[in-house]
Amino acid sequence: MARVRPARDEDCAAIACLRCQTIRHVNARDYPADVIRRWATKENAGTLRMSGAGCKRWVAVEQSRIVGFCEHTFDGVLSRIYVHKDRLETGIGSRLLAVAEASLERLGCKRIMLDSTVTAKGFYAAKRYRFVKKGTYGENASEPVYKMLKTL
Ligand SMILES: CC(C)(COP(=O)(O)OP(=O)(O)OC[C@H]1O[C@@H](n2cnc3c(N)ncnc32)[C@H](O)[C@@H]1OP(=O)(O)O)[C@@H](O)C(=O)NCCC(=O)NCCS
């Protein structure tokens, strides 16, 4: 079973690689190719290292290999959660989400907000996130995201 621990600077290369693979193989089912290309290449180990101070980030680890990560801001926004393309639907996303939710609760947050991808909407709905409204993402704000909310 995956173990969840706080992310470290030296995890950033593996996190960037996992993020890119998941977008290319999993989110690609729901978004057009040009969107996927831009989205997948938007981050790398360096950008993740820089953004690390502005959020709390965790990794899920199986046999020393990073198989998922998630992060939240300090003000109640779950900013991302990705699971390795070969380890979907094995409970890793649930474990990461539970850790992030507990962390936000410890920070005193009363509610969690997020912009869900089309891909993850069913996952969040299963975790009792409520759909609030549709938003957009991407260069021309043309791709849909779903604004969702959970009251703790
Ligand atoms: C969304 C994501 C993190 C879920 O991770 P996961 O490890 O596959 O999820 P789990 O195995 O913990 O699944 C938990 C429950 O949600 C359900 N579920 C998972 N993904 C789902 C989906 N895309 N649609 C509907 N239900 C889903 C599972 O069937 C499971 O239900 P159960 O508890 O009744 O058995 C993963 O699919 C992912 O990385 N997606 C691509 C990246 C992405 O879009 N991230 C969201 C950014 S906002």
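User: What makes β1 and β2 count as paired strands?

Analyst: First, note that this is a predicted model. β1 and β2, the latter covering residues 56-62, run antiparallel and share 4 bridges. Two strands pair when there are at least two bridges between them, so β1 and β2 qualify. One of the bridges joins Arg3 to Val61 in β2.

User: How do you know that β3 pairs with β2 and with β4?

Analyst: β2 and β3 are antiparallel over 7 bridges, and β3 and β4 are antiparallel over 5 bridges. Since at least two bridges are needed, both are pairs. Gly68 in β3 is the bridge partner of Ala60, and Gly68 also stands opposite Val83 in β4.

User: What are the order and the edge strands of the sheet that holds β1?

Analyst: It is an open sheet of 4 strands in the order β1-β2-β3-β4, with antiparallel pairing. β1 (3-6) and β4 are the edge strands, as each pairs on one side only. From one strand to the next the twist averages 25°.

User: Which residues have a positive phi in the hairpins that involve β3?

Analyst: In the hairpin of β2 and β3, with 2 residues between the strands, Gln63 in the turn has a positive phi of about 45°. In the hairpin of β3 and β4, with 5 residues between the strands, Gly76 has a positive phi near 95°.

User: What makes β5 and β7 a pair?

Analyst: β5 and β7 (residues 143-151) are antiparallel over 6 bridges. At least two bridges are required, so this is a pair. Met113 has Leu149 in β7 as its bridge partner. The open sheet here has 3 strands, in the order β5-β7-β6. Its edge strands are β5 (111-116) and β6 (130-137).

User: Why is β3 called mostly covered?

Analyst: Of the 8 residues in β3, 6 are buried.

User: Which helices lie across β3, and at what angles?

Analyst: Helix α1 (residues 12-25) lies across β2, β3 (65-72) and β4, at about 90° to β3. α4 lies across β1, β2, β3 and β4, at about 35° to β3.

User: How do you know which residues Phe69 touches?

Analyst: Contact requires C-beta atoms within 7 Å, so the residues that meet this cut-off are the ones listed. Leaving out residues up to four places away in sequence, Phe69 touches Ala7, Ile15, Leu18, Arg57, Trp58, Val59 and Tyr82.

User: Which residues of the largest nonpolar core touch the most other members, and which element gives the most to this core?

Analyst: The core has 27 residues, and Ile15, Trp58, Phe69, Cys70, Leu96 and Ala100 touch the most other members. Two or more residues come from each of α1, β2, β3, β4, α4 and β5. α4 gives the most, with 5 residues. In soluble globular proteins, nonpolar side chains tend to be buried together.

User: What surrounds the ligand?

Analyst: The shell holds 21 residues, and the closest are Gly93, Ser94, Thr117, Ala120 and Gly122. β4 (78-83), α4 (92-106) and α5 (121-126) each supply at least two residues, and β4 gives the most, with 4 residues. By class, the shell has 9 nonpolar, 10 polar and 2 charged residues.

How values were computed: Residues numbered from 1 in each chain as written. Predicted model: local features only at pLDDT ≥ 70, side-chain atom pairs only at ≥ 80, totals over all residues. Near = placed C-beta within 6 Å. Nonpolar A, V, L, I, M, F, W, Y, C, P; charged D, E, K, R; others polar. Axes fitted to C-alpha atoms, helices over the stretch in contact; angles between N-to-C directions. Contact = placed C-beta atoms within 7 Å. Core = buried A, V, L, I, M, F, W, Y, C linked by C-beta atoms within 7 Å. Buried ≥ 20, exposed ≤ 12 C-beta atoms within 10 Å, placed from the backbone.
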